[in-house]
Amino acid sequence: MKRAISFVLMALMVLSVCTTASAKDEGGDIVIPNVGYIKQYEIPDNAAMDFVKSMGIGWNLGNTFDANDDNWGSRDELLMEKAWVGVLTTREMIEKVHAAGFNTLRLPVSWHNHVNKETFEISEKWLNRVQEVVDYAIEDGMYVILNTHHDVYPEFYYPSSEHYETAEKYIKTIWTQLSERFSGYSDHLIFESMNEPRLRGHEFEWWLNANSQDCLDAADCINRLNQLFVDTVRASGGNNAERYLMVPGYAASADGALTDLFVLPKDAADNKIIVSVHAYTPYAFALDAGGDTTFELTNPVQTGEIIRFVSSLYKKYVANGIPVVIGEYGARAKGDNLQSRVNYAAFYVCVASSRNIPSVWWDNHAFKGNGELFGIFDRRTCEFRYPEIVEAMTKYAGYDKVTPK
């Protein structure tokens, strides 16, 4: 929770660094806000900073290869790709996303439905299909983040000492296979160790409580699994010896990466570890179904939450030459609140870009109903349903687009 005094300080910061236009124009059309930062925050002169700068902004192929259904049974496993979104991925989709200004594709993949449950050997059919979609993006000049997604189960990787032996086997076996398959790929392919590793089903599933022995144990297990991931990839040879690797803290939260409980893995490569963070911030607007429906750039509580966590990541990592990527963010649709989502997208991307932190929108292809409606790109028509959100993001899509005054 934020103290009242921090809100005042954030309000002063917002007023001092940006000009805003957050309301609809007189004709009722959506307005793309101007968020004019006084400065680009200073970043160290190193290869890692140049690398993430070139990633620009990104888009998640969400609810697709990460779909999982333990009752899938004998049905064709390749159909799992469209189990949640109803459509298979095509090259045209990826090309349209790239053409719109997104330079990074995050490809979440759940592997546990596609492995031998004893040896964790990945199905050749599934791995071939994942590689095919990776190639769509790589061949189009994009960066690709490939991960292990909804695999946080005791039978696969669960960050606790009780289940560590199985988790260790799973992470080592999966990443050995992926490293071998993709060893010849350029640094446009990034490996991400785990997605939101946490104590699934625990009272502190989404909150790292430093006073909980379970959480302390989980944080330690995550550090060890991240180190195992790095060691496994590096030992595989080829371009994996120097590939950029992403690692999260507890639940991939900003707090999980900012705590001293999180330790960056040791690495034989020089500064090739990227800190992975997810941040649906401010939660009341971005993710909470019953929370705020509006986001205003003149609201210091809302804007201050974004500034606070991005500034903290900048001070701890970026300012010290360590790259950070926000692998998931977004704001769900809540009725007729498109203008607020546009305001949010512009402000969020601008704040992150000014500190050279790429951000990757979570798109789950959901547009209607009562669920988490994060969809912006209609994969059936290959068109963006909300081009104004895309325009707001691409206006500030990267460090070099935040113009100093």
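1. Salt bridges first: this predicted model holds 14 of them, counting a side-chain nitrogen of Lys or Arg within 4 Å of a carboxyl oxygen of Asp or Glu. Among them, Glu192 and Arg106 meet at 3.0 Å, N to O. That pair ties strand S4 to strand S2, 86 residues apart, and both residues are buried (under 20% relative accessible area; exposed is over 50%, partly exposed in between, with a 1.4 Å probe and protein chains only).

2. Arg224 and Asp220 make another salt bridge, at 3.6 Å, N to O. Both sit in helix H6 (residues 213-235), 4 residues apart, about one turn of the helix. Arg224 is partly exposed at 35%, and Asp220 is partly exposed at 38%.

3. Asp260 and Lys316 bridge at 3.8 Å between their closest N and O atoms. Here Asp260 is exposed, at 69%, while Lys316 is partly exposed at 30%. Glu81, Arg129 and Glu132 form a salt-bridge network.

4. Now the sheet: a closed barrel of 8 strands runs from S1 to S8 with parallel pairing. Strands and helices are DSSP runs numbered from the N terminus (strands E, at least two residues; helices H or I, at least four), and strands pair if DSSP finds at least two bridges between them. S2 (104-107) and S3 (143-147) pair over 4 bridges, with Leu107 opposite Leu146 in S3.

5. On reading the numbers: residues count from 1 along each chain as its sequence is written, and side-chain values use heavy atoms, leaving out hydrogens and water. Local features need pLDDT of at least 70 and side-chain atom pairs 80 or more, while totals for chains, interfaces and linings use all residues.
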